[in-house]
Amino acid sequence: MDANQALTELLAGRVKPGVYQWRMPPVPGAIGDTAWTERAEDAGWRGFHLDGRHVRDADSFLRLCADAFELPPEEAPDGWDALGATLADLSWTPTKNGYVVLYESWSELADADQPAFRTVLDVFARAVRVWRDSSTPMVVLMSSVGVEAAGVPRLV
C-alpha cells in the first residue's frame, strides 16, 4: 500500500486510531505540501499540519502547536500537560468524522532533544486514546522519508 492509499484507508475509517509513521515517497518540494488537508476535509476530517523543520526544543514545539491548532495567544499551551488538555478538547474546531494530525520533519526535534520528542509521542498517544472511542477519533501521522521513529508503527 502506498502513502496515498494509506490516507484513503484512514479517511474511510478503516485504520485503527493511533500514532503512525507515514512514509511519504521522496518528492522534491513535498515537505510542507498540505494538499492532504483538502482530502481530509472532503472526507469530513479536520486536518492539522505541524511543520517541524525549525523545531529543536519543547518551547518551539509548543509554539508550533499553538499556531497549528489555531489557539488564541492566551490559550497557547505552556507545558506538556496543557498541550495534552488542548488535544483532548478541540471543541473550538468541531469535525464530522475525526481529527488527523500530520507532523512533518519530526526528526529535527528528535535529533536535537530526544526527551522532548519522546514526550511529544506520549502526549499524542494519550490524545489518541481520549478520542479513540468517540465518534471523532484522532490519528497522528509522523511523516518521514528514510527516517524511523523507534516504537512507532508504520502506516506505510
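Colleague: Which pattern does the protein chain follow when read along the sequence?
Modeller: This is a predicted model. The protein chain holds six helices and four strands. Read along the sequence, they give the pattern α-β-α-β-α-α-β-α-α-β.

Colleague: What is the radius of gyration of the protein chain, and what does the globule rule give for 156 residues?
Modeller: The C-alpha trace of the protein chain spans about 35 × 35 × 25 Å along its principal axes. For 156 residues the globule rule gives 15 Å, and the value for this chain is close to that, so the chain is as compact as a globular protein of that length. The radius of gyration of the protein chain is 14 Å.

Colleague: Are α1 and α2 roughly parallel or roughly antiparallel to each other?
Modeller: Helix α1 covers residues 3-11 and helix α2 covers residues 35-42. They pack with their axes 10 Å apart, at an angle of about 30°. Angles under 35 degrees count as roughly parallel. α1 and α2 are therefore roughly parallel to each other.

Colleague: Is the crossing of α1 and α2 left-handed or right-handed, and which residues make the contact?
Modeller: α1 passes α2 in a right-handed crossing. By class, the residues of this contact divide into four nonpolar, two polar and one charged. From α2 the contact takes W36, R39 and A40, and from α1 it takes N4, L7, T8 and L11.

Colleague: How are α4 and α6 oriented, roughly parallel or roughly antiparallel?
Modeller: Helix α4 is residues 80-89 and helix α6 is residues 114-132. Their axes come within 9 Å and cross at roughly 30°. With under 35 degrees as the cut-off for this class, α4 and α6 are therefore roughly parallel to each other.

Colleague: Which residues of α4 and α6 make the contact?
Modeller: The crossing of α4 and α6 is right-handed. α6 contributes A116, T119, V120, V123, F124, A127, V130 and W131. The residues from α4 are W80, L83, G84, L87, A88 and D89.

Colleague: How many residues in the contact of α4 with α6 are nonpolar?
Modeller: Among the residues of this contact are L83 of α4 and F124 of α6. Two residues of the contact are polar and one is charged. The nonpolar residues number eleven.

Notes:
Residues are numbered from 1 along each chain as its sequence is written. This is a predicted model: local features need pLDDT of at least 70, side-chain atom pairs count only at pLDDT 80 or more; totals for chains, interfaces and linings use all residues. Side-chain values use heavy atoms; hydrogens and water are left out. Axes are lines fitted to C-alpha atoms, for helices over the stretch in contact, and angles run from 0 to 180 degrees between N-to-C directions. Helices (H or I, at least four residues) and strands (E, at least two) are DSSP runs, numbered from the N terminus. Angles under 35 degrees count as roughly parallel, over 145 as roughly antiparallel, 65 to 115 as roughly perpendicular and the rest as oblique. A crossing is left-handed if the near helix is turned anticlockwise from the far one by less than a right angle, and right-handed if clockwise. Contact means heavy atoms within 4.5 Å. Ala, Val, Leu, Ile, Met, Phe, Trp, Tyr, Cys and Pro count as nonpolar, Asp, Glu, Lys and Arg as charged, and the others, Gly among them, as polar. The radius of gyration is taken over C-alpha atoms; the globule rule is 2.2 Å times the number of residues to the power 0.38.
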